[in-house]
Amino acid sequence: MRGRKIVVGVSGSIAAYKACELVSKLRQQDADVRVVMTRSATEFVGTATLRALSGRNVACEMFDVCPDEQIEHVSLAEFGEVMIVAPATANVIGKVAAGVCDDLLTTTISAAACPVIFAPAMNWRMWENPITQANVKRLQALGYVFVEPEEGWLACGESKAGRLASTDKLLTAIEKALGIGDSKLAGKQVMVTAGPTREWVDPVRFISNPSSGKMGYALAEEAARRGAKVTLISGPTALPAPAGAELVNAETAEQMAEAVQQHLPGTDVFVGAAAVADWRPVQQADAKLKKSQGAPELKLEATPDIIAQVSASAQRPAVVVGFAAETDDLEKNARQKLDDKALDIIVANDLSAPGAGFGSDTNAVTIFDRDGNSKQIDTTTKRKIAAEVLDSIEQLLGTH
Ligand SMILES: Cc1cc2nc3c(=O)[nH]c(=O)nc-3n(C[C@H](O)[C@H](O)[C@H](O)COP(=O)(O)O)c2cc1C
């Protein structure tokens, strides 16, 4: 659940207090939780409790301006990878089934593009009421997921079906909606390198390249989304740490190589997306080189070939993926690199293509694998490319 974005809707049922346990359990698994409550729900539990448990402000009112100045019902709907209404009243279920959006919760549900789960809780007669049952069926037919209420002691003093399903069942439904456990990467250890390296000439100058790190960060985030345990070894970038990944900073190729070796034991998949400098100055001046001394003659030496080291290692991960940034002869050069370094997959970047390569939010690549397969992906977001690369990795993992 680490970093997964979950919206928890709470409506006015006596079971609203159980939403506290759900939010707490999600937070214990490092999920990023936002709570939206109906006005009735606040009669049962205080916003302060859910604010403390979720670590974020609780949204209740449609016309409150949220701190980031976005429109709350849209921003909440866009934020969630999954939304769960627990407990869901007969009223909320009926309103959503009828297309009514007269408060923040129902409006958010209406605007949500993510899966929405309802966990009803109500008096057994309310649950058995044919109108409620028809509403549930209508919503199920539209793709909404229901975690059926359980039989047990109800606040009305009877023991019948209507109790909110157990927190474990709610968590299982959330995991299912998020696809956790479905991916071959679930539970696997994935290491990704990203960004440029800096090879210092003197204390104020370095050799580097324009890599932004966006491709590697997108890969790390997508792998974490698929349930992998991700370590991201990153050169200097301006990007925030991706959700769900452990970030390790490294500046030079040497430092990156050391960090990779240190984290290699137990790694199942290695993706070398960093633009590691190939050469570094043989000598680094301790003090700033003076302009007045004239242009220095730089003698360069090769930096460690990180991906070749990983591939040749006794602890070689099951799948080793490299990137090739080429300006000419894309396929020939990429396949050569795949063979030379004994990689399983190489993602070849045509730097001459529009919208591809360094710094851009988009990329166009061809994925070549060791079995001779190739897949061309036209210019699209780095997030989508990351998903394609991870699909190819999953395919290879399936054959191991
Ligand atoms: C003490 C009490 C307990 C209630 N428990 C439930 C319940 O478990 N499920 C339900 O559907 N309605 C329950 N209701 C009725 C709802 O609170 C009422 O229908 C309200 O309008 C729901 O508002 P909401 O759906 O906007 O949260 C309860 C009302 C009271 C006073």
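Which backbone nitrogen lies 2.9 Å from a polar atom of the side chain of glutamate 199? The note below takes this up in point 2, after a general point on the model.

1. Overall picture. This is a predicted model. The protein chain has 400 residues, of which 49% are buried. Its secondary structure comprises 14 helices and 19 strands. Taken along the principal axes, the C-alpha atoms fill a box of roughly 85 × 50 × 40 Å. Among contacts between residues at least 6 apart in sequence, 67% join residues at least 24 apart.

2. Glutamate 199. The backbone nitrogen in the opening question is that of alanine 253. Glutamate 199 belongs to strand β9, which covers residues 199-202. Its side chain also makes a polar contact of 2.8 Å with the side chain of threonine 197. Glutamate 199 is buried but has no salt bridge. The nearest side chain of opposite charge is that of arginine 280, 5.3 Å away; a salt bridge would need a nitrogen within 4 Å of a carboxyl oxygen. Helix α11. Alanine 253 is one of the buried residues of helix α11 (residues 253-263), together with Met256, Ala257, Ala259 and Val260. These residues are on the same side of α11, because they cover an arc of only 165 degrees around the axis. The buried residues of α11 pack against β8 (189-194), β9, β11 (229-234), β12 (245-249), β13 (269-272) and α12 (306-312).

3. Nonpolar cores. The largest nonpolar core has 34 residues, and Val8, Leu26 and Ile174 have the most contacts inside it. Elements giving two or more residues to this core are β1 (5-10), α1 (17-28), β2 (32-37), β3 (82-88), β4 (116-120) and α9 (167-178). A second, separate core has 33 residues, among them Val190, Ala228, Val347 and Ile393. In soluble globular proteins, nonpolar side chains tend to be buried together. As for valine 8, its contacts beyond four places in sequence include Leu22, Val23, Leu26, Val33 and Ile84.

4. Backbone features to check. Most residues other than glycine have a negative phi, and most peptide bonds are trans. The peptide bond from alanine 86 to proline 87 is cis, with omega near 0 degrees, and proline 87 is in strand β3. Aspartate 329 has a positive phi of about 45 degrees although it is not a glycine. Aspartate 329 is located in the loop between β16 and α13 (330-340) and is partly exposed at 48% relative accessibility. Alanine 342, also not a glycine, has a positive phi of about 50 degrees. Alanine 342 is in the loop between α13 and β17 (345-350), where its relative accessibility of 44% makes it partly exposed.

5. Salt bridges. The structure holds 21 salt bridges. In one of them, the side chains of aspartate 391 and arginine 226 meet at 2.8 Å, N to O. Aspartate 391 is in helix α14 (residues 382-399) and arginine 226 in the loop between α10 (214-225) and β11, so this pair ties together parts 165 residues apart in sequence. Aspartate 391 is partly exposed, with a relative accessible area of 36%, whereas arginine 226 counts as buried at 10%. Both belong to a network of salt bridges that links Glu222, Arg225, Arg226, Asp391 and Glu394.

6. Lysine 341 and aspartate 305 form a salt bridge of 3.0 Å, N to O. Lysine 341 lies in the loop between α13 and β17, and aspartate 305 in the loop between β15 (300-302) and α12, so the pair ties together parts 36 residues apart in sequence. Aspartate 344 pairs with arginine 370 in another salt bridge, with the closest N and O atoms 2.6 Å apart. Aspartate 344 is in the loop between α13 and β17, while arginine 370 is in the loop between β18 (362-369) and β19 (374-381), 26 residues apart. Aspartate 344 is buried at 4% relative accessibility, and arginine 370 is partly exposed at 36%.

7. Alanine 325. This residue lies in strand β16 (residues 319-326). Alanine 325 is partly exposed, with a relative accessible area of 44%. Not counting residues up to four places away in sequence, alanine 325 touches Asn349 and Leu351. The C-alpha atoms of alanine 325 and glutamine 255 are 22 Å apart, and the two residues are 70 residues apart along the chain.

Notes
Residues are numbered from 1 along each chain as its sequence is written. This is a predicted model: local features need pLDDT of at least 70, side-chain atom pairs count only at pLDDT 80 or more; totals for chains, interfaces and linings use all residues. Side-chain values use heavy atoms; hydrogens and water are left out. Helices (H or I, at least four residues) and strands (E, at least two) are DSSP runs, numbered from the N terminus. Buried means under 20% relative accessible area, exposed over 50%, partly exposed in between (1.4 Å probe, protein chains only). Lys and Arg count as positive and Asp and Glu as negative; His and the chain ends are not counted. A polar contact is a pair of N or O atoms within 3.5 Å; within protein, one must be able to donate a hydrogen and the other to accept it, and residues adjacent in sequence count only if both atoms are side-chain atoms. A nonpolar core is a set of buried Ala, Val, Leu, Ile, Met, Phe, Trp, Tyr and Cys residues joined through side-chain atoms within 4.5 Å. Contact means heavy atoms within 4.5 Å. The arc is that of the directions from the helix axis to the C-beta atoms.
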